Amino acid sequence: MAASVAGAATDPVRVLVVGQGYVGLLLALRAVEVGAIVTAYDIDAGKVEQLRGGRSHVSDVADAEVGRALASGRYRPVADAAGLGEFDVAVITVPTPLTEGVPDLTSIRSAAECVGTILRPGCLVVLESTTYPGTTDELLAPALEAASGLKAGVDFHVGYSPERIDPGNTEWTLVRIPKVVAGLTPGCLAAVEAFYGRLVERTVPVSTTRVAELTKLLENTFRHVNIALVNELAVHARALGIDIWEAIDATATKPFGYAAFRPGPGVGGHCLPIDPSYLSWRIERQLGVTSRFVVTANDVNQSMPGYVVRRVQLGLNDRRKAVKGARILVLGMAYKKNTNDARETPAAGIVRGLVELGADVVVHDDHVGPHELDLIAARVPLSTELVGSCDAVVLLTDHDDVDYELVTRHAAYVFDARNRMRGEQVDLL
Ligand SMILES: NC(=O)c1ccc[n+]([C@@H]2O[C@H](COP(=O)([O-])OP(=O)(O)OC[C@H]3O[C@@H](n4cnc5c(N)ncnc54)[C@H](O)[C@@H]3O)[C@@H](O)[C@H]2O)c1
């Protein structure tokens, strides 16, 4: 069995991917591509049904890719844990949300229990979910041991490898992004490296699973803090009458010592609103001190939707219009351009804020599927008539497939949180 974990050319590796969300689906399809036999387990029966029918729920994955994997006969989406069968490598890609501000590892626990009951000597189990340092050795390994009766690092391998995919990014794909890998023991690390060595161009081994866990939180906290910095500067620069966008572009010409981050209407998705709080929670719990940068970044980034609502209110006010009764078109509901991901999207707070002030809000976003916001703001196709009939157009997510020229030509007033449009009637964040 250890031979197949290490990737013997003659013996296709049997991979169990637990979770078929954004991360798990990409990983499962890549494993199929390199010849593995993949069981793709998800507790969401609807998602599994969709995948079995050759339909992708992830914007980076075309239906045809799912179709190809199914046609290979080596991709088997499963919703019933009883049908999982044997595996050589299990990769856990389940959600790690915050519940009432605290890390909620329920999904990792239940995934570990499920994998543990079918774990056999020689297998490798890798966690990819983003989580606080210590999860793999304190929680995952003991849970697998308890469910299997086997000893981690002796009877089976355990590792951690953070997923670093950037949805919508066609240049830096799963295969091209260097993969940080770690194991409980040197033997575990060797097994993790051998497995990912077949999937990605480059692996980056680190000495402990805690280092690998911190790597991911460091990346996301770095982004969160820097976005908060430019968000705060955008608010202040506006008050000082300075164009922050021009200042950022000019600063970015410095060939060293600076990384350009751009302001926006707030942060969304899994990485920024949630992951840094895993780090601050752990630091607070274990060391009894506050992670001041995370607290401040949360504070600034969470204030942005309210700031956008205020700016739209002021923009309408300048045009002698009240928000109450105004017809407002919101462009972009996804938290990130060119994706269908609306988890934790700042658009939700902005649409709710405008509706609470009495605006008649409609939303255009062809990427995002049905969403709870649809109940308070109807989804509409973009047209000259629509834009011309609105008192304000608020750009929150600048998907590339939107006709911005049409918008600037026909809108009475535009609030642009992404620096995408120019004109007399356009106010930038
Ligand atoms: N989305 C990203 O761009 C991204 C990037 C890097 C890391 N991550 C991290 O990867 C992890 C997964 O993120 P995601 O975006 O794929 O989440 P997701 O919500 O899209 O997918 C997770 C899937 O796991 C399933 N699931 C939950 N509990 C399960 C269980 N016990 N057994 C089987 N399936 C279960 C859910 O039904 C869901 O389909 C998170 O920790 C996230 O922070 C996400």
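A polar contact is a pair of N or O atoms within 3.5 Å. With that in mind, look at Ile-43: one of its backbone N or O atoms lies 3.5 Å from a nitrogen atom of the ligand. Taken alone, the ligand exposes 830 Å², and the protein buries 93% of that. Keep in mind as you explore that this is a predicted model.

**Backbone contacts to the ligand**
- Tyr-22 has a polar backbone atom 3.1 Å from an oxygen atom of the ligand.

**The shell around the ligand**
- How many residues surround the ligand? There are 25, and the closest are Val-23, Asp-42, Lys-47, Thr-96 and His-270.
- By type, the shell residues divide into 10 nonpolar, 9 polar and 6 charged.
- Two helices to find in your view are α2 (22-33) and α5 (106-117), as each supplies at least two residues of the shell.
- The largest share of the shell comes from α5, with 3 residues.

- Now turn to helix α12, which spans residues 346-356.
- Which residues of α12 are buried? They are Pro-346, Ala-347, Ala-348, Ile-350, Val-351, Gly-353 and Leu-354.
- The cover over these buried residues includes helix α11 (292-318), along with strands β11 (327-331) and β12 (360-364).
- After α12 comes Gly-358, whose phi is positive, near 100°.

Definitions and conventions:
Residues are numbered from 1 along each chain as its sequence is written. This is a predicted model: local features need pLDDT of at least 70, side-chain atom pairs count only at pLDDT 80 or more; totals for chains, interfaces and linings use all residues. Side-chain values use heavy atoms; hydrogens and water are left out. Buried means under 20% relative accessible area, exposed over 50%, partly exposed in between (1.4 Å probe, protein chains only). Helices (H or I, at least four residues) and strands (E, at least two) are DSSP runs, numbered from the N terminus. Contact means heavy atoms within 4.5 Å. A residue is near a molecule or strand if one of its heavy atoms lies within 4 Å of it. A polar contact is a pair of N or O atoms within 3.5 Å; within protein, one must be able to donate a hydrogen and the other to accept it, and residues adjacent in sequence count only if both atoms are side-chain atoms. Accessible areas come from the Shrake-Rupley method with a 1.4 Å probe; for residues, only the protein chains shown count as cover. Ala, Val, Leu, Ile, Met, Phe, Trp, Tyr, Cys and Pro count as nonpolar, Asp, Glu, Lys and Arg as charged, and the others, Gly among them, as polar.
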